[in-house]
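Dear colleague,

Please find the structure below, handed over for your study.

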Amino acid sequence: MNSGDYINIQPSELKFAFELKKQTSCSLQLTNKTDKYVAFKVKTTNPKKYCVRPNAGIILPSSASHITVTMQGPKEAPPDMQCKDKFLIQSVVAPDGTTSKDISAELFNKGDGKVVDEFKMRVVYTFANPPSPVPEGSEEGSPPRTAAVDDGNQNFALFDAVSRSLEDPKEKSSQTWSTVSKLTEEKVAALQQNQKLRQELELLRKESSGRQGGGFSVLLVVLVGLIGVLIGYLLKKT
């Protein structure tokens with residue numbers, strides 16, 4: 001903050017966010033530190049480049065006035081981003097009741113014991129879009145990972161997880177149906193095999209019964225024959 005006999009000026013320098021072909025502005029606050037009317041006037045070394053509103057006015061006792069300085073959009077960047085433009089702010093005590101319309105160049109003329117405070121201000125350029133700092137852990141010679149890439153990777157991982165969560169139930173359902181179908185086929189095959197075994201067992205039983213029945217008939221015939229031979233032999237003897 002600059003301070004003089006009549007006014008305080010804040011800030012102490014004019015800072016503009018530099019951007020090619022883009023108009024930017026900054027503000028000044030002039031505070032009257034006296035109990036008198038104070039007139040001020042703003043001058044610049046490059047009036048075609050800057051617009052000052054208001055460039056002159058009256059500050060009432062213990063009051064403040066706000067000034068807006070607008071810089072036209074630069075066509076090219078100066079060497080080392082250094083600006084040589086300067087501003088001069090003049091202030092002087094004015095008669096009570098003075099208005100902005102009463103301000104003239106003669107009011108700021110020095111002489112006859114009149115004190116005119118003058119403040120010189122420089123112009124400073126700042127970056128409109130400051131470069132991002134290199135992330136910690138980045139290796140020299142390798143491009144740093146940007147936030148957009150990290151966000152893209154996180155979004156891709158999230159999408160992949162969601163996709164897998166949506167696909168898993170389908171896979172589980174397919175595996176379940178495959179298992180059920182396989183078990184059903186095995187059950188049917190087992191039933192068919194059981195039925196076939198039963199049929200073969202029944203057939204064996206029938207064959208065994210037939211063989212036993214046939215053997216009994218032959219034995220009976222043999223016995224009957226033997227009995228017949230024996231009776232015949234006895235009859236011959238008698």
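Two rings of Phe, Tyr or Trp (for Trp, its six-membered ring) count as a pair if their centres lie within 6.5 Å; planes under 30 degrees apart are called stacked, those over 60 edge-to-face, and the rest tilted. Please note that this is a predicted model.

By that definition, the structure holds three aromatic pairs. In one of them, the ring centres of Phe18 and Tyr125 are 4.9 Å apart and the planes stand at 50°, so the pair is tilted. Phe18 belongs to strand β3 (residues 14–18) and Tyr125 to strand β10 (residues 117–127), so this pair ties together parts that are 107 residues apart in sequence. Phe18 and Tyr125 are both buried.

Tyr50 and Phe87 form an edge-to-face pair, with 5.0 Å from centre to centre and 75° between the planes. This pair also links distant parts of the chain, since Tyr50 is in strand β6 and Phe87 in strand β9 (residues 86–94), 37 residues apart. Tyr50 and Phe87 are likewise buried. Ring pairs join Phe16, Tyr50 and Phe87 into a cluster.

Five strands form an open sheet in the order β1-β2-β4-β8-β6, with antiparallel pairing. The edges are taken by β1 (2–3) and β6 (50–53); each has a single partner strand, so one side of each is left without a neighbour in the sheet. Within it, Ser3 has Asn8 in β2 as its bridge partner.

Yours sincerely,
A colleague

How values were computed. Residues are numbered from 1 along each chain as its sequence is written. This is a predicted model: local features need pLDDT of at least 70, side-chain atom pairs count only at pLDDT 80 or more; totals for chains, interfaces and linings use all residues. Side-chain values use heavy atoms; hydrogens and water are left out. Two strands pair if DSSP finds at least two bridges between them. Helices (H or I, at least four residues) and strands (E, at least two) are DSSP runs, numbered from the N terminus. Buried means under 20% relative accessible area, exposed over 50%, partly exposed in between (1.4 Å probe, protein chains only).
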